[in-house]
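I opened my notebook today to get to know a new structure. Here it is, and my entries follow.

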Amino acid sequence: MMLDEGSLPSPVDTALRDARRHFLFAALFSGLVNLLYLVPSIFMLQVYDRVVPTRGGTTLVFLIVILAIALAALSILDLSRMRLLLRASVRLEKRAAPQVLQRILAATAASPAMRTTAIRDLDTLRGVLTGPAILALFDLPWAPIYIGVCFLLHPWIGGFALFAAILLVGIALAGERATGRAAMETQSRATAKGRIADYTVQSAETARALGMREALVRLQLTARADVVARQGRLAQTSGTFLAVTKFLRQLFQSLALALGAWLAIHQSISMGSIFAASLLVGRALAPVEQILGSWKNVLAARAAYGGLRAFLTLPDDAAPRTALPRPRGQLVATGVTVLAPGTDRVLLDAVDISVSPGEIVALIGPSGAGKSTLLRVLAGALAHDRGEVRIDGTSLADWDREALGLHMGYMPQTPTLFPATVTANIARFVFARAGDVPDAAALDAMVVDAATRAGAHEAIQRFANGYDTMLTVREAGGLSAGQRQLVAFARALFGRPALLVLDEPNAHLDLNGQAALMRVLAALRAEGAAIVVSTHRPELLQIADRVMIVRDGRLDAITAPGRAPIAQPAQAETGA
């Protein structure tokens, strides 16, 4: 029976369930730790009530030995629960991180902000598992035990401890109500500011050239001032609650000592019970203070958990599917409709298009007409809201996307190259895939073949280190726009795909480069590849079998130009 993906448990929930044994033992050890925290109070009671009145030196020695053993056991148990929580954190990383990363790269319905936030949420949740907040949560259930022991000393001491605990819990809840919403909003604004700042840094050259530096600096300072002001108000509010909590805890601990002394004066308790009462009240109130001190982390963990659960409910387009034969390249899209995210604005309106093996279909139209959106849908890079895309008669949703991707060549409008070598980029990092991969020699041959077919081989040889040139995030390691486009085109041709989806592949090419591109596309058509290409330059239309005009998200007209002979350019350097 097929299960709906939304009914499957979240990988985060599964990982936390798998770590249940770690949490149970951590809770058990926390109980033993909290029991051993009673040892100093018992030691003090025995010293004042037995050793001092009887001047029993031997008894004192035995009490010291027992105290040392108990404190050593306490330290070992405390260290053990920390290691257990660390292992739970590692288990969460191992079980959830692969699926979160897969979903970040595979969920076509996710916005860039959601993708960026998802892995940060996982890191936040994992960090809380080893922080002080979770220890305080494990210790909190033992506060009633300490209060119960206080009642055993004297009802007044127990009542005093209960009153103090209730008051501090009330202050903690009031603090959460006062800071919870503000903390989430501040975090959201800080994240947005960070993304804008990163983009501004990447666009520094454009800003300088266009005289935008001063304006962007002012906008950045305004955004930073807003976040800093919010963080300041939040810190002031939470700091006030924390300061009040610390003051009251210290006051209550001292008042417990005073209450014990008053009861001892009236011979209601022993002398040792005076100090024991102070210690017990302090231990009963400590978890409340610790939770309030780390409340920001608790809120962050709660928000991260909720964000991850929501993100992981998005459709996973990379989920394994039944293995299908290598596609021939027959592409049919019917009624494809795409809406702008979060709105009813139509980007593509019931588009129908078909491409057969050995056919080149060119898309033309004004900027913003929907050409790039249509190509992204056909390549599986963008989810469509209505309609259907089929390859070789099989719905795109039923293909194993990883397997299909190996037989598809996609080149976006802005070439996206990764911080790795030119070889790794062209090879699509196939060497890092699980399962059988080509050996080094075969892989190099496939890379050179793709680069040669793309007309990029000679240009790559002129790079600083040839195919081993390391690209960086910024401007793809110093390559020109034309060079980046050549490398991206070579990547699209890697593995001799049956279906090619190319978004303005000649946008940054010179005349010779464009002529070489036309020869390559004609050769691919002759080999039986199905090709969909968009362009703003009319030269590429010479080799198209059909030209489709895209306007306002619709295909308004279809023309069938005659194929013109492809000019043979003079030998010149290819690229920008």
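How many bridges join strand β1 to strand β4, and do they run parallel or antiparallel? I looked it up: five bridges join β1 (residues 331-339) to β4 (residues 386-391), and the two strands run antiparallel.

**Ground rules.** I note that this is a predicted model, where local features need pLDDT of at least 70 and side-chain atom pairs count only at pLDDT 80 or more, while totals for chains, interfaces and linings use all residues. Residues are numbered from 1 along each chain as its sequence is written, and side-chain values use heavy atoms, with hydrogens and water left out. Helices (H or I, at least four residues) and strands (E, at least two) are DSSP runs, numbered from the N terminus.

**The open sheet.** I found that A333 has V389 in β4 as its bridge partner. I then traced the open sheet of four strands, which has the order β2-β1-β4-β5 with antiparallel pairing; two strands pair if DSSP finds at least two bridges between them. At the edges I noted β2 (346-355) and β5 (394-395), each pairing on one side only. Helix α13 (residues 371-379) packs on this sheet and touches β1, β2 and β4. Its direction makes about 55 degrees with that of β2. Contact here means heavy atoms within 4.5 Å, and axes are lines fitted to C-alpha atoms, for helices over the stretch in contact, with angles from 0 to 180 degrees between N-to-C directions.

**Strand β8.** Is β8 enclosed or open to the outside? Five of the five residues of β8 (residues 530-534) are buried, so the strand is largely enclosed by the rest of the structure. Buried means under 20% relative accessible area, exposed over 50%, and partly exposed in between (1.4 Å probe, protein chains only). I saw A530, V532 and S534 point one way from β8, and I531 and V533 the other way. Strand β3 (residues 360-364) pairs with β8 in the parallel sense over four bridges, and L363 stands opposite S534. Strand β7 (residues 499-503) also pairs with β8 in the parallel sense, over five bridges, with V501 opposite V532.

**Two helices crossing.** I checked helix α1 (residues 11-18) against helix α12 (residues 295-311): their axes come within 8 Å and cross at roughly 125 degrees. That makes α1 oblique to α12; angles under 35 degrees count as roughly parallel, over 145 as roughly antiparallel, 65 to 115 as roughly perpendicular and the rest as oblique. V12, D13 and L16 in α1 meet Y305, L308 and R309 in α12.

**Helix α16.** I looked up which residues of α16 (residues 440-453) are buried, and they are L443, V447, A450, A451 and R453. Their cover includes α15 (422-426), α17 (457-461), α19 (481-493) and α20 (511-526). Just after α16, G455 takes a positive phi of about 75 degrees.

R55 has a positive phi of about 55 degrees although it is not a glycine. I placed R55 in the loop between α3 (39-54) and α4 (57-106), and at 77% relative accessibility R55 counts as exposed. E504 is not a glycine either, yet has a positive phi of about 50 degrees. I found E504 in the loop between β7 and α20, where E504 is buried, with a relative accessible area of 11%.

Definitions and conventions: The expected span of a helix is 1.5 Å times one less than its number of residues.
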